[in-house]
Amino acid sequence: MALSRREFLECTASMGAGGAIGSLVGLGLDLSPAVARAQTLRIREAKATPSLCPYCSVGCATIVHTIGNDIVNIEGDPRSPHNEGTLCPKGAAIYQLHKNPNRVTKALHRKPGAARWEAVSLEWAMDRVAELVKKTRDETFVERLSDGTLVNHTTAIFSLGGATLDNEWNHLQQKLMRGLGIVAIENQARI
Amino acid sequence: MPEAMGFYTDTTVCIGCKACEVACKAWNQLPATNGGVLEMSGDSYDNTQRLDGINWRHVKFIEQFPDDRVAGRWLMMSDVCKHCVRAPCLEVCPTGAIIRTEFDTVVIQSDACNGCRLCIAACPFGVIDINPASNTAQKCTLCYDRLKAGLEPACAQACPTDSIQFGPIGELKERARRRVEQLRALGEPRARLYGADEAILGGLNSFYLLVDEPGVYGLPRNPQLPTRNLRASSALSVAVALVMGLVGLVTLRARRANKRAEVHDA
Amino acid sequence: MPDTFYTASPHWGWYIVAYFFVGGIAGGCFFIASLLHLCGRPEDRPVVRLGYYVAFAGAVVSGVLLTLDLTKPLRFWHMLIASNTGVPLLKPWSPMSVGAWGLLLFGAHATLAAGGALAEDGRIRWRPLAGMVSGAPGMIVAALGSAFGFFLAGYTGVLLSVTSRPVWADSNLLGALFLCSAASTGAATLVLLTRRRHDAHPATIAWLSQFDRTALVLELIVLTLFVASLGTVGRVFLGWWGAVLLGGVVGAGAILPLVLESRRSHDQRTPVRAATLVLAGGLFLRMAVIFGSEQVRAVGSGVALP
Amino acid sequence: MEHSDCIVIEGSNMAECHPVAFRWPMKAKVERGAKIIHVDPRFTRTSAMADIYAPVRAGTDIAFLGGLINYVINSERWNSDPFFREYVVNYTNAATIINADYRDAEDLDGVFSGLMEYTGNKKDWPFDAFLGQYETATWQYARPEDRSPSPLAPHAPFIDVIRSLRRTPPQRDETLRHPRTVFQLVRHHFKRYTPEMVERVTGCPRDTFIEVAEAILQNSGRDRTTAWTYAVGWTQHTYGPQMIGCCALLQLLLGNIGRPGGGIMALRGHASIQGSTDVPTLYHSIHGYMPAPSALKRHGTLRDYLATEGSATGYWANMPKFLVSYLKSMYGAAATAANDFGYDWHPKVSGDHSHLPMFVAMAEGHVKGMLCIGQNPATSLNASLERKGLRNLEWLVVKDNFITETAAFWYRAPEVEGGDVKPEDIQTEVFFFPSAQVAETEGSFTNTQRLLQWHFQAATPPGDCRSDPWFTHQLALRLKRLYADSDLPRDQGFKNLVWDFDPVEGHAIPGEPDAEKVLKEINGYRTEDPSRHLTGFGELADDGSTTCASWIYCGVFPAPDRNLAKRKEPDPPGGPGAHLNWGWAWPANRRVMYNRASADPDGRPWSERKRWVWWDGAKWTGYDSPDFPPAKPPSARGDPDGIGLDAHSGRSPFIMKPDGVGWLFNPTGLLDGPLPTHYEPAESPIHNPLYGRQTSPVLKYWRRDDNALVDVGDERFPYVITTYRLTEHYLAGAMSRWNPWLAQLMPELFIELSPELAAEKGIRNTDWVRISTPRGAIRAKALVTRRLRPFVISGRTVHQVGMPWHWGWQGVVTGDVVNELTALVGDPNVSIHEGKAFVCNVERA
């Protein structure tokens, strides 16, 4: 009934306005206020940081827009002579690589034979990994092969790294591994 | 008032990478359909299937291969709102939510739209639909916000092969005509522009270079304004209304006549 | 692949079907009532009042249905007032815009007329309303209202035609068709309701049935022309909705009632049966037209006809 | 590539896998009318853009390229235009005469002289899997009365070691008529690779093949250049390096190497895959492409190593400087001339420790622990075998952005879901460390054009997410502590390992190393004053006065305040397009390698249109940084007694090669033959139409019950299958299937097959299909498309199917793991697996 009451009230008004309806047409279509009210650029206040696409090897340059510590947008860097601001669908989706509900933010640990993960502290996990690396290295280190050749290595630890990682990581990883005598150092670059 | 801006889409260099679809979603923060979990459509590499309230760009794939595979073609085209010069959606929108901007583009103002959905039915290209997030009708805005800030629309900036080109409509049409000449010279007689002249809805500010019939790309050969039906429909309705009225009057009069007759007999 | 469009469904469903149906009845009833009001006889008055009541109720229900169908119902008023400027908004070339105003004004007249009827029934004692019964104001409201009634009955069809949807935009006869249907369903409604009210004069009822029959015949003609005018798109009616159209609308909704009415042996229940069938037919018609167009679906780079 | 007149894309689906790089071929096509040719088993989005599409059966590229070589050297144009002969005689080893005992595959039915049983195995490492090996003595250059290497004293200066390697220059016949000139051997080797044979082997219609051959001929020469580009479509075969070699051979014959718009471009798959090869997290090499010290070679001492791997002529004569500077970066002050700069501390490999043998060793229980950072082996080759390996580990560390299949192997893998394996029986201790993403860290990537670019940190990562350098750095610091008071000799190397990467003033994220400190160590500095960065590898010394991890990266960080990888200044529009101020390319910021070849022997540009680097009368100059001694005139003669580049003449562009020319024929460097030869893939439905020898005689195969191969023509597995990537996904999906925007574009695993095969098997579009090999079986949706076609191979119809391999059981969208189907077979040179051509069966599921 509320509705009909509204109708009842408005009808008297409109009946007063009566034939004047036609004259309202022009007014109703006036656009200028609508334009003025259009949305503002959501990265206007954002900080722009040059970055790169982590997918294929073309090396597309990107710009990361952040407000505070919050990434609000990632798009191609128009200055780059290699991609000139363009990106492929994966590059265009880098944002969801960072802002993604499925992303894990805790270190996890699974005991031998256990049925589920346990969240653990970073410190504990790093210490534990270091212990295991030392233990395995010490157990399996070979100074000389059975034929006497000096090798100073272990083949019982395998370091496998993706190829979307920084040169700096590659250097640190291969240096640490070779420093420890770990020779089985591999990378996605192979396969 | 700045000059008219728009898209020129050269389908002959579209590699169907769908960067435009994702760049659009990323900039406009549009969700994936059903969280990204879909069934494979089986329609070539096209799984999003159509434009709607959260897919403002859609890449179509058309496989043209004879049995012997000689001279086979795989056509790809990134579809988007055509930003018609005479826009059906804008024409019928009862709330004034759909506006023509200073760039001669067509934009739906989400805060004014009340979701009557007439624009969806009015668009001859099936561009508009309800965005479940906002519950209002939405479509490509030609990145109105970026344009106002002097930036290129997200899809055009992302497009790796410049199949999607953005700029002043005049320049784009010039460039497009030269490309058609080039293609014809290279032996592609079917090369043509779609929407580059007034023939289609007064011109499309997002127009296409095609190498086959529009129908092949799912584009109407001859789209019309919905209001083309207004006069005739109304006239016919009024006519029928008059007939009904006449019938009523006549029968009532007839009834009176009989009555009088009865009186006389008595 | 149709020449003119490759388009998406506006997802208009049961609310709209119901609105088109109810709106039609409301418009039809007001028209019939005003006709009897202006050119009828004293013994027609009960039906006149009944007609105005139905029209009023229908207007209210229509408003509710229309609002519920919006995906943003609280913004129903955006149809009448430009939300950004606060200025009343009317696009004469947009049936939806005009329709909103049409419904509003029809509602206004229906309200006044119903008010008058209440006064005549002696349910309300309020001077100004008395004028709505007899005298000039009543005449004017009846005359204008019947015009808006016809508008309400017909514009829904025009609205469908002024889109780019298959079936709807392929013909210019939907408005006319819905109008006929509105007349018939309006009359049928009154016939049904008079059964409950014993003050209705048999002569009035007889005229109603006769008017109803004429409307049905006209409706059949327009429907035939409509289907014919669809051309290839008419294929959508080869399927399930075709059956509804043929069986539900033409068979059950028109031919059968006509046959029943024309039979000599006229028992008590015949008019009720006939009227019920007519109403069902009117509902089926809206369904067939609205859901029928959904049969044409856009897929990938093409359009699928059934 | 925007300078090319013709671009041949072969072994790559460039438009789909490198869409942004494909921008340039498309620009060349639209703006300059360049021709694009695509040679591929499938009609892909790349083929759709090509002027010519040449269909070939998967794994037959050598037959196709060999056919082109044969067509080119017998063509009228090649023999009439003097350009080709001038380039080939001066810039390649075409005129060099080969050892008289050399026998070609043509004469030995698919085998070269010197084939013998593999003897390299150390019994300590029985996982090398060689089927055979070549003794390469007969492949060498013929030299008159070769001087024998002089025995060297244990403490001789390194220069003497290098000098002792000098050989008399090889015999040449610049008329190319001598039957044992490389050119004549090439002609002989490929003479049966006719267009008809190409059609028989590859299935590519003769006319299409000739169309391609004519196109590359017309677009090569003084004034025009053709570029070739490949990707894993070539590398992932049991003879991948030979395919690339075959292309190099053809491009050298056409004069397309070292010139703008020419060359061979490898499109690599990962953001820093080039970086991880240059800065090798690869067992077989140490920094700057020096071979890892090995127990299988004469590497006993530092001098042995140099004598084995060094070269008296060519740029590698500087190897002592590179190696000593590298050892200084490892062991710092502890590395002295007295202890051979700590050479003995440096571990030696004892065999093939690459991905495939490591997982075999793991499945055998030989491997105890694994650090898996940003990789997903649970979905890798012969996946169930790799997961068997994971189950045998004592501990596994996974560091990634999402819970990958590898992290979840113990509770979600098919064998666990299927009940064959119970989680409680898996004794592996598993760690998962969440990773920071690219915008949350800083560091450099090296792209596929050897370009180093820096990415800056825009935000701090959430929760416990940390960068990968953080992990390695923190692990190192802890191990340093754990070993601090060990006095065991075996631990001294590690105790002396230089590890100083903590930021001078703190970092936003606690414990993060200073990325620029790392880059500085890679770039190198003066040992006595670390604040003096090295500005180029020319400054390196072999006396320990320079510390430099990677000689090829030397110069990227020439001063503490000049990290050139950070540069972002493109050339103004309309420039030659070298963009020397955007990032930094190794070596020495050079964009086109061996670019001396872009000028004719006398130093003049071959043509105005193709001008790039030239001799201006006093020095080499041009648009790029010259890859040549800057002041060495074209007229300079090579000094027969000279060391390094002094031994080269002024017309020897290929400064890394001992003889300064491009190699058509490879006397060294390749283990599986000096010339590319068509072999069938390890699994093929047909017998090799060219030779009696079916497959490469020296390929690697790990023979195990769970790694069985299909015999030729086994009717149970009649279809050729190839695997590949899609634009919409990445690798096994860890970076894309978790991402709804990408997931919706390609939601389900599918198999592409032709309507012909579909009809034979009663399969309809979108039906579920079962695909099986002896290694495993999986399900996928059918995508029936005419883009695939049946091939007619030597008279019989061969059906080919294709599958993208991006799916796994973790993620927003999931699907079966295509690698359940693949086998562990590898190439003998680099142990890259075969992923592109094997056989399977297909039926309705």
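**Entry 1: the fold of chain C**

I read chain C along its sequence and noted the pattern α-α-α-α-α-α-α-α-α-β-β. The count for chain C is 9 helices and 2 strands; helices (H or I, at least four residues) and strands (E, at least two) are DSSP runs, numbered from the N terminus. I recorded that this is a predicted model, in which local features need pLDDT of at least 70 and side-chain atom pairs count only at pLDDT 80 or more, while totals for chains, interfaces and linings use all residues. Residues are numbered from 1 along each chain as its sequence is written, chains are lettered from A and ligands numbered from 1 in the order in which they are written, and side-chain values use heavy atoms, with hydrogens and water left out.

**Entry 2: the dimensions of chain C**

I looked up the radius of gyration, which is taken over C-alpha atoms; the globule rule is 2.2 Å times the number of residues to the power 0.38. For 306 residues a compact globule would have a value near 19 Å, and the 20 Å of chain C agrees with this. Along the principal axes, the C-alpha atoms of chain C fill a box of roughly 65 × 60 × 25 Å.

I then turned to burial, where buried means under 20% relative accessible area, exposed over 50%, and partly exposed in between (1.4 Å probe, protein chains only). In chain C, 62% of the 306 residues count as buried. The accessible surface of chain C is about 10,800 Å², and 69% of it belongs to carbon and sulfur atoms; such areas come from the Shrake-Rupley method with a 1.4 Å probe, and for residues only the protein chains shown count as cover.

A contact means heavy atoms within 4.5 Å. Among contacts in chain C between residues at least 6 apart in sequence, 75% join residues at least 24 apart.

How many aromatic pairs does the structure hold over all chains? I found 69. Rings of Phe, Tyr and Trp (its six-membered ring) pair if their centres lie within 6.5 Å; planes under 30 degrees apart count as stacked, over 60 as edge-to-face and the rest as tilted.

I examined Trp12(C) and Trp168(C), whose ring centres lie 5.6 Å apart with planes at 10°, so the pair is stacked. Trp12(C) is in the segment before helix H1 (14-39) and Trp168(C) in the loop between helix H5 (136-161) and helix H6 (174-196) of chain C, so the pair ties together parts that are 156 residues apart in sequence. Trp12(C) counts as buried because its relative accessibility is 3%. Trp168(C) also counts as buried, at 0% relative accessibility.

**Entry 3: aromatic residues of chain D**

I looked next at Tyr315(D) and Trp551(D): their ring centres are 6.1 Å apart and their planes at 20°, so this pair is stacked. The pair links distant parts of the chain, with Tyr315(D) in the loop between helix H13 (302-309) and helix H14 (319-331) and Trp551(D) in the loop between strand E17 (546-547) and strand E18 (584-585), 236 residues apart. Both Tyr315(D) and Trp551(D) are buried. I also noted one aromatic cluster in chain D, which includes Trp78(D), Phe83(D), Tyr91(D) and Trp606(D).

**Entry 4: two residues of chain C**

Is Leu173(C) buried or exposed? Leu173(C) counts as buried, at 15% relative accessibility, and lies in the loop between H5 and H6. Leaving aside neighbours within four places in sequence, I found Leu173(C) in contact with Leu236(B), Val222(C), Leu225(C), Phe226(C) and Ser229(C). The C-alpha atoms of Leu173(C) and Ser229(C) are separated by 8.4 Å, although the two are 56 residues apart along the chain.

Ala280(C) lies in helix H9 (residues 270-292) and is partly exposed, with a relative accessible area of 31%. Its C-alpha atom is separated by 9.9 Å from that of Phe21(C), 259 residues apart along the chain.

Chain B has 7 helices and 10 strands. Its radius of gyration is 25 Å, well over the 18 Å that the globule rule gives for 266 residues, so chain B is more spread out than a compact globule. The C-alpha trace of chain B spans about 95 × 45 × 45 Å along its principal axes, and 67% of the 266 residues count as buried.

No contact joins chain C and chain D, and their closest C-alpha atoms lie 13 Å apart.
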